[in-house]
Structures are given as structure tokens and as C-alpha cells.
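Colleague: I am new to this one. Please show it to me, and then I will ask my questions.

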Amino acid sequence: MAVEKMVGVPVRFGARFRPALLRFPQRPTWPDGAYVAVWPKEGVLPDLAGDAAAGVPEDLAGVVLADLMHHTCFVCAARFEAICFEAAIPVLGRNLARHRVVSGCPACGGDFGRTRIGGLALSQLP
Ligand SMILES: [Zn+2]
């Protein structure tokens with residue numbers, strides 16, 4: 001496994017957020033995609049401690065692939081790590097409908113339109 005290409009997902013986001021590497025074996029010239037796999041809030045998290053390839057498809061029920069990004073609020077300049085789905089490839093169908101989206105800045109209360117802060121999860125940086 002190409003661990004060096006994996007996204008480091010901060011533990012504070014919780015067990016629902018795990019590093020994932022999307023490969024394209026039929027397209028050898030395409031680079032691997034490093035993402036954050038996000039499980040829905042409801043339901044039971046699968047035990048992925050062993051070989052991921054041995055997992056069953058049900059383990060991925062509701063999972064979406066997202067990116068870990070840094071955003072700064074346009075209103076109050078608070079900084080956040082955000083789990084964002086906009087740039088991820090929608091490989092897993094309509095799973096996004098099973099996720100709650102955080103919209104707006106928790107620091108100043110401004111809406112997304114003014115702050116540009118949002119995502120599947122936010123963690124404010126010092
Ligand atoms: Zn703000």
C-alpha cells in the first residue's frame with residue numbers, strides 16, 4: 001500500500017473519517033486519488049483493521065469520498081480544517097444524501113454565502 005500518498009485525517013474528526021486511496025487499475029496513467037472516506041452518522045462502522053480488500057460491499061454503505069482542506073472565514077478570519085465533498089469524485093452514487101452538511105462559520109455565525117465555510121465536518125484551528 002502506498003501509505004505515503006494517503007491523506008492524514010486528524011483524529012479529532014472521529015472514527016467516521018478515514019484515509020482512502022482511490023486507484024484506477026484499468027487506467028495506469030491516472031494518478032492515485034488520496035481522499036477521506038466518510039461514513040454516515042447513523043449506522044455501525046465496519047472493522048477495517050484487517051485487509052480492506054477482504055471487506056464486504058456493505059462496509060461502504062453510505063460512504064462518500066471527500067478532501068481535507070483548509071479554509072479561512074471571509075468575515076471573521078477564523079481558520080478551519082474542513083472535510084469537503086465538492087472536489088471528490090462521486091464514485092459511490094447518491095450516498096451524499098445520507099450525510100449532514102455543515103454550512104456557515106461556527107465562529108462568527110455567518111452564513112456560507114458570506115463566509116465560504118462549510119463541509120461534511122469542520123474543526124477550528126488555533
Ligand atoms: Zn467567521
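Colleague: Are Cys73 and Cys105 buried or exposed?

Modeller: This is a predicted model, where local features need pLDDT of at least 70, side-chain atom pairs count only at pLDDT 80 or more, and totals for chains, interfaces and linings use all residues. Residues are numbered from 1 along each chain as its sequence is written, and side-chain values use heavy atoms, with hydrogens and water left out. Buried means under 20% relative accessible area, exposed over 50%, partly exposed in between (1.4 Å probe, protein chains only). By that rule, Cys73 and Cys105 are both buried.

Colleague: Which residues are the protein donors of the zinc ion?

Modeller: Donors are N, O and S atoms within 2.8 Å of the metal (3.2 Å for Na, K and Ca); water is not among the atoms, so sites may look incomplete. Here the donor atoms are SG atoms, 2.3 to 2.4 Å from the zinc ion. They belong to Cys73, Cys76, Cys105 and Cys108.

Colleague: What spacing do the donors follow along the chain?

Modeller: Cys73 lies in the loop between strand 3 (64-72) and strand 4 (79-84). Cys105 lies in the loop between strand 5 (102-103) and helix 1 (112-115), 32 residues apart from Cys73. Helices (H or I, at least four residues) and strands (E, at least two) are DSSP runs, numbered from the N terminus. The donor spacing is C-x2-C-x28-C-x2-C.

Colleague: In what order do the elements run from the N terminus?

Modeller: The chain has 1 helix and 7 strands. Their order is β-β-β-β-β-α-β-β.
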